[in-house]
Amino acid sequence: MSTYTNLPAPSPEQGMNRYLQEIRKFPMLEPEQEYMLAKRWVDHQDTEAAHQMVTSHLRLAAKIAMGYRGYGLPQAEVISEANVGLMQAVKRFDPEKGFRLATYAMWWIRASIQEYILRSWSLVKLGTTSAQKKLFFNLRKAKARIGALEDGDLRPENVAKIAHDLNVTEEEVISMNRRLSGGDASLNATVGSADGDATAQWQDWLEDEDANQAEAYAEQDELEARRALLVQAMDVLNDREKDILMQRRLEENPVTLEELSGQYDVSRERIRQIEVRAFEKLQKRMRELAKDRGIPAPA
């Protein structure tokens, strides 16, 4: 396995522009190519196959890493952590699940980057729960949505709103806001920009909140990843449970209990019981899978 983790790949330390140019040279994979390479890795531990899967997705890792450029950390190191997550995804990827590596890898890449950021920040006891991590990475956006971008403490009504939206306590919101706008790294702190402008502020390096192609791409990736999670979790159901659940909850025009009772020659109540049990099993399995991957659990 050590030969896999040490697969050769361009290093972002060689210079960002040069690195981005280098990774564009690796071709994207067609679905059939990706499937065959993944099978070679799973069945034979073929490191060359794994290498091709990694290099073909370095652009994805870099794209996701660029979204975290506002945390005051060297971009080369963030991309390196993204590549670590990518390699972990390739290592665990199962081509038989029916979804693309990019969909699966996105979660591993983000998890690796976020763990790196949390380790690097000097916030005591930060990141011990998924809710705290969510607060850390979403507080600024939550403040922007309600127009609360001023320095200092938040107004009580804004604290309550953010706490409710992010499912954390009001005390956690107050504490995190003070840390992010105060001692550890103020959003208004003056930093040197890439073009030598010494008057730039740290918040100027953060992602633009306006809708753009990158954001739309990320949202689509997230939707596809949740669908992939659903597909994998469906394995916990038997054929009858899967069929009933899909017809009742996953079809554009759901089938009625009456129709399904006729199909399976059982009562409407029995169909309802099977549907409820299948849904509970599916929810539990999806939460388990999400936890294993370090991603937000579905509601």
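Predicted model: local features only at pLDDT ≥ 70, side-chain atom pairs only at ≥ 80, totals over all residues.
Helix H4 covers residues 47-55 and helix H6 covers residues 75-92; the two pack at an angle of about 135°, with 10 Å between their axes. Oblique angles include those between 115 and 145 degrees, and H4 and H6 are therefore oblique to each other. On the H4 side, the contact is made by Ala-50, Met-53 and Val-54, and on the H6 side by Leu-86, Met-87 and Val-90. Sorted by type, the residues of this contact come out as six nonpolar, with no polar and no charged ones.

Next comes helix H5, which runs over residues 58-66 and holds Ala-65. Ala-65 has a relative accessibility of 0%, so it counts as buried. What does Ala-65 touch, once its neighbours within four places in sequence are left aside? The list is Gln-75, Val-78, Ile-79, Ala-82 and Ile-113.

Now for the charged pairs. Side chains of opposite charge can pair when their charged atoms come close. Across the whole structure, a search turns up 14 salt bridges. One of them joins Lys-25 to Glu-22, with 3.1 Å between the closest N and O atoms. Here Lys-25 is exposed, at 61% relative accessible area, while Glu-22 is partly exposed at 25%.

Another salt bridge brings together the side chains of Lys-39 and Glu-96, at 3.2 Å from N to O. Lys-39 belongs to helix H3 (residues 31-44) and Glu-96 to the loop between H6 and helix H7 (101-120), so this pair ties together parts that lie 57 residues apart in sequence. Both partners are partly exposed, Lys-39 with a relative accessible area of 24% and Glu-96 with 47%.

Which parts of the chain does the pair of Lys-97 and Asp-235 link? Their closest N and O atoms are 2.5 Å apart, in a salt bridge. Lys-97 is in the loop between H6 and H7, whereas Asp-235 is in the loop between helix H11 (213-233) and helix H12 (239-250), and the two are 138 residues apart. Lys-97 is partly exposed at 22% relative accessible area, and Asp-235 also counts as partly exposed, at 48%. Finally, salt bridges with shared partners join Lys-39, Asp-43 and Glu-96 into one network.

Conventions: Residues numbered from 1 in each chain as written. Heavy atoms only, no water. Helix = DSSP H or I, 4+ residues; strand = E, 2+ residues; numbered from the N terminus. Buried < 20%, exposed > 50% of the residue type's maximum accessible area, 1.4 Å probe, protein only. Contact = heavy atoms within 4.5 Å. Axes fitted to C-alpha atoms, helices over the stretch in contact; angles between N-to-C directions. Parallel < 35°, antiparallel > 145°, perpendicular 65-115°, else oblique. Nonpolar A, V, L, I, M, F, W, Y, C, P; charged D, E, K, R; others polar. Salt bridge = Lys/Arg side-chain N within 4 Å of Asp/Glu carboxyl O.
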